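Please keep the sequence and the structure in view while reading.

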Amino acid sequence: MAKVDLEEIFAEARFRAIAICLIVGAFVMMFAVLIIYLYLQWNADIAERKRVAEQGKLAELHKTQAILQAAMDNLERSNRDLEQFAAIASHDLQEPLRMVASYTQLLAERYGSQLDDKAKKYIRYAYDGAVRMQGLINDLLAYSRVATSDFSSQPTDSQAALEAAIQNLSATIGASRAIITHGDLPTVPSDALLLTQLFQNLLSNAMKFRGNEPPRIQISAQERDGEFVFAVKDNGIGIEPQHADRVFVIFQRLHSREEYPGTGIGLAVCRRIVERHGGKIWFDSAPGTGTTFFFSLPK
Amino acid sequence: MKPIEILLVEDNPGDVDLTREAFEVGKVCNSLNVVPDGEAAMAYLRGEGPYADKPRPDLILLDLNLPKKNGSEDLAEIKADDMLRSIPVVILTSSSAERDILKSYELHANCYITKPVDLFQFVKVVQAIQDFWFTVVKLPPS
């Protein structure tokens, strides 16, 4: 009986052990599957949240793009309006001005003998007014053109730009017996035409506002902190420090028209040109001795 | 001697008077005919309506800023017309805008003149036009 019993017991034990193993194994597997499932779900969750966040960012980007595009469209429209204004100014304002100027002149010429001195003076005031207005319109046009014209920044030889300005002013330089010298001038990223105009305005001012001696003008340049700083030094009448801000404002003049001609636009144009390049313009002056204008252009 | 026939296309009566007076001071005998707008100019050149028996101009002085039809349109039409394109066209306008100058030459204007503000300069310009176009230049035979 012992042999049979033992075998049966072993068989049963073995059966039970296998059963337990299977059940435990099943539980472990289910547990493992559960863990894997939860992990995958967690991953998917993160991925989903990332996707939503990216979609959000993309939408933000699109919105910002739309805002920028709208701003650019506005600027373009405003620029076109400015150009149209300039065109209107050059046609429609000039014609009535010419009428006033021409016919006041004709009045003086044809009827001058019938007019007393006072009447002739009145006519002269009217005529001067018309001519002055013509100058203002032309200068306003020039000023607006600086802001709206095509701007192309290329490596420009600033010495060549200076020489072009000197060439343009050759008559004035000859008449005022001005002596213009310069140091080494660098190649700087800029719009060549605007740079020439900048030099031309500064030189023209230096000669106009001269003292009793012939103008001596020195131009130099230094490299400083990632930009070029140009200096235009003259021996003219100078500018008093309290006028530091006024001189760069359009049509602001410091002297009467009898003393020095001009509409007061030269420095306003200079400032606009310099600012268009991303630079700054300022001056140092000793009234009675001279002025040095500085302007910076980024490299 | 047959006078040189000039067609002035100008809407501003003040400018018409100035131009007429300046031309009268000229050395060469000339006859100034005036029309006030772009449409009348083309009618004159084609001998239509009230302009049926008007002489063909030897020279056209054309303003750009005109009512009804502006000067550029007239210029284009004249230079596109086989019968009319040989007549020299001088653009005489208040505008000094580069855009206008370029466009006029591109449309084959013979030359472009900006009217000076100063009266005496204006008279000088008109005399220069007469000197150049009537004595220096050979105009096409009519």
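## Helix contact and cores

In this predicted model, helix α5 (residues 192-208) of chain A and helix α6 (residues 266-276) of chain A have axes that come within 9 Å and cross at roughly 150°. The crossing in which α5(A) passes α6(A) is left-handed. On the side of α5(A), the residues that meet the other helix are Leu194(A), Gln197(A), Leu198(A), Asn201(A), Leu202(A), Ser204(A) and Asn205(A), while α6(A) contributes Gly266(A), Val269(A), Cys270(A), Ile273(A), Val274(A) and Arg276(A).

Chain A as a whole has six helices and seven strands, and along the sequence they follow the pattern α-α-β-α-α-β-β-α-β-β-α-β-β. Of its 299 residues, 23% count as buried. Among the contacts in chain A with a separation of 6 or more, 69% are between residues 24 or more positions apart.

| Core | Size | Some of its residues |
|---|---|---|
| Largest nonpolar core | 36 residues | including Val9(B), Ile60(B) and Val89(B) |
| Another core, apart from it | 34 residues | including Ala206(A), Ile217(A), Leu267(A) and Phe293(A) |

Within the largest core, the residues with the most contacts inside it are Val9(B), Ile60(B), Leu61(B), Leu62(B) and Val89(B). The elements giving two or more residues to this core include α2 (117-148) of chain A, together with β3 (59-62) and β4 (89-93) of chain B. Leaving aside residues up to four places away in sequence, Ile60(B) touches Leu7(B), Val9(B), Ile87(B), Val89(B) and Val90(B).

Note on methods:
Residues numbered from 1 in each chain as written. Chains lettered and ligands numbered in written order. Predicted model: local features only at pLDDT ≥ 70, side-chain atom pairs only at ≥ 80, totals over all residues. Axes fitted to C-alpha atoms, helices over the stretch in contact; angles between N-to-C directions. Helix = DSSP H or I, 4+ residues; strand = E, 2+ residues; numbered from the N terminus. Left-handed = near helix turned anticlockwise from the far one by under 90°. Contact = placed C-beta atoms within 7 Å. Buried ≥ 20, exposed ≤ 12 C-beta atoms within 10 Å, placed from the backbone. Core = buried A, V, L, I, M, F, W, Y, C linked by C-beta atoms within 7 Å.
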